[in-house]
Amino acid sequence: MIPFGITHLDLRSLDTALFHKVNDLAGHNAGLDAIMIGIARYCPIVFALALIGLWLSWKPRNQRTAFLAGVAVLAGLGLGQLTGKMIPRPRPYMSGSVSQLIPRSLDTSFPSDHAILGFAAAVGVLWFSRRLGLALLGLAAVLAFSRVYVGAHYPGDVIGGAVLGSVTAAAVAFMSWRGPFHSGLEFLFRILARLHVASQDGVSR
């Protein structure tokens, strides 16, 4: 139950009002628009490069961080697809006047895949590396804002994606320390080390 007498309709109205507050900023400054378009479309590449960089550092802790963050991203995106099918929501441009700065997408608006990816990667890294994790967390927040700015999502969509990605990453990190998941991780890294695609150091024998 939603507290303080706030109804589902009230939340939708608030979400729509916040969307227009942000999206109405678009279309007035070509330079800012270009930056936001670039972030909204290509920022996921930065997260991918960060994880690749961690792996290529060839440090066992960094490689495990990159692997677990990658697992969190894939799991989060999978859960996001299921959530979108269960709670479909039209994109903002289907519900009224929108400053649409990027090509339209016909899939569900909720939750935002970009927010899931960004926050799953950031929280996955933050669990093991505070400095880089905080930097990626800030970038994920900017990515989420940009998706609203360009007209692709409502604020509720990116908040939902951020929560889903963060919770998934925390769950993956927690499981990596215990039980069958931990044992499977150890076994996998022993195999990868023997194939010379992961560091030999730090592998339990």
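By about how many helical turns are F145 and Y149 separated in helix α5? The two residues are four apart in that helix, so about one helical turn separates them. In this predicted model, F145 and Y149 form a tilted aromatic pair, with 6.4 Å from centre to centre and 40° between the planes, and Y149 also belongs to the largest nonpolar core.

**The largest nonpolar core**
- This core holds 45 residues, and those touching the most other members are F47, L51, W55, V125, L136, Y149 and V150.
- Two or more residues are contributed by each of α1 (8–23), α2 (30–56), α3 (60–86), α4 (113–126), α5 (130–149), α6 (155–175) and α7 (179–194), and the largest share, nine residues, comes from α2.
- In soluble globular proteins, nonpolar side chains tend to be buried together.

**Y149 and its surroundings**
- Leaving aside residues up to four places away in sequence, Y149 touches V22, N23, L25, A26, G27, L32, D33, M36, S99 and L101.

- Five aromatic pairs are found when the whole structure is searched, and W55, F67 and F189 form one aromatic cluster.
- W55 is also among the core residues that touch the most other members.

**A nonpolar surface patch**
- Y42, I45, L49, I52 and L56 make a nonpolar surface patch of about 540 Å².
- Within this patch, I52 lies in helix α2 and is partly exposed, with a relative accessible area of 45%; α2 is also the element that gives the largest share of the core.

Key:
Residues numbered from 1 in each chain as written. Predicted model: local features only at pLDDT ≥ 70, side-chain atom pairs only at ≥ 80, totals over all residues. Heavy atoms only, no water. Core = buried A, V, L, I, M, F, W, Y, C linked by side-chain atoms within 4.5 Å. Buried < 20%, exposed > 50% of the residue type's maximum accessible area, 1.4 Å probe, protein only. Contact = heavy atoms within 4.5 Å. Patch = residues over 30% accessible without salt bridge, like charges linked within 9 Å, V, L, I, M, F, W, Y side chains within 5 Å. Areas by Shrake-Rupley, 256 points an atom, 1.4 Å probe, with all protein chains shown as cover. Salt bridge = Lys/Arg side-chain N within 4 Å of Asp/Glu carboxyl O. Phe/Tyr/Trp six-rings, centres within 6.5 Å; stacked < 30°, edge-to-face > 60°.
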